[in-house]
Amino acid sequence: MFPFLRAWFGWRFERLDRIPAAGPVLIACNHASYLDPLVNAYAVVRANRRPRFLAKDDLFRAFGIGWAMRGTRQIPVARGTGDQSPLRNAEAALRSNQSVVVYPEGTVTHRDDGLPMEGRTGTVRLALAAGVPILPMVSWGSAPVWQKSGPGSLRPGRPIWVRVGEPFDVAGRGASIDDHDAVRALTDELMGVLTADVEALRAAYPAAWATR
């Protein structure tokens, strides 16, 4: 899959060196397209890490996809059930020095401008439980390619840009995982960081590709 992605799109990666070569890393991404897991996985692999995603459990039962999700040890999430096992499994992965990728919004953004929506608190709670910072990774350019309605514009050469931001340290902020207000505030702050980084990419993105 990655050779196809590499050849089909016009990639630009910024600050992949911020992804540590070893040790635990918790990466939080914006979510503008169903293509994003491949975009983010490709970026993490380019940084010589193997990503583990928190992904909705429907994908693990989907024909042609489920075997790949299980084989690469992705982490299923039963959304809307209150099941805490995904966070426990992700915490165990971090404590085993693995890289975990999450989408704090929990789904593809519904905003017309493609910017992030309000985040769910699981990412901050995971960071606090594992005692690791959150590494923001944002991308732009994937939205026209694949949405819930299905594949969209598959024009070759479309620029897809990825940028890794500064680590967002929640463990050193003195917040408790049981303090809902503090966790909510840190989540809102994280989403503000992701939004600002996305806006910066969007502002620099080639205008000729912005609407097609």
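**Aromatic clustering and nonpolar cores**

Phe-9, Trp-11, Phe-13 and Tyr-42 form one aromatic cluster in this predicted model. A tilted pair is formed by Tyr-34 and Trp-146, with centres 6.3 Å apart and planes at 45°. Because Tyr-34 belongs to the loop between β2 and α2 (36-46) and Trp-146 to strand β7 (residues 146-147), this pair ties together parts that are 112 residues apart in sequence. Tyr-34 is partly exposed, at 27% relative accessible area, and Trp-146 is also partly exposed, at 36%. The count of aromatic pairs comes to 8.

The charged end of Arg-12 sits over the ring of Trp-161, 3.5 Å from the ring centre, and that of Arg-155 sits over the ring of Trp-209, at 4.4 Å from the centre.

The largest nonpolar core comprises 33 residues, of which Leu-26, Leu-54, Leu-94, Val-100, Ile-134 and Val-170 touch the most other members. At least two residues of this core come from each of β2 (25-29), β4 (75-77), α4 (85-95), β5 (99-102), α5 (122-130), β6 (134-140) and α6 (180-204). The greatest contribution is that of α6, with 7 residues. A second, separate core contains 25 residues, including Phe-13, Tyr-42, Phe-53 and Leu-135. Beyond residues up to four places away in sequence, the contacts of Leu-26 include Leu-94, Val-100, Leu-126, Ile-134 and Leu-135.

Methods: Residues are numbered from 1 along each chain as its sequence is written. This is a predicted model: local features need pLDDT of at least 70, side-chain atom pairs count only at pLDDT 80 or more; totals for chains, interfaces and linings use all residues. Side-chain values use heavy atoms; hydrogens and water are left out. A nonpolar core is a set of buried Ala, Val, Leu, Ile, Met, Phe, Trp, Tyr and Cys residues joined through side-chain atoms within 4.5 Å. Buried means under 20% relative accessible area, exposed over 50%, partly exposed in between (1.4 Å probe, protein chains only). Helices (H or I, at least four residues) and strands (E, at least two) are DSSP runs, numbered from the N terminus. Contact means heavy atoms within 4.5 Å. Rings of Phe, Tyr and Trp (its six-membered ring) pair if their centres lie within 6.5 Å; planes under 30 degrees apart count as stacked, over 60 as edge-to-face and the rest as tilted. A charge sits over a ring if NZ of Lys or CZ of Arg is within 6 Å of the ring centre and within 35 degrees of the ring normal.
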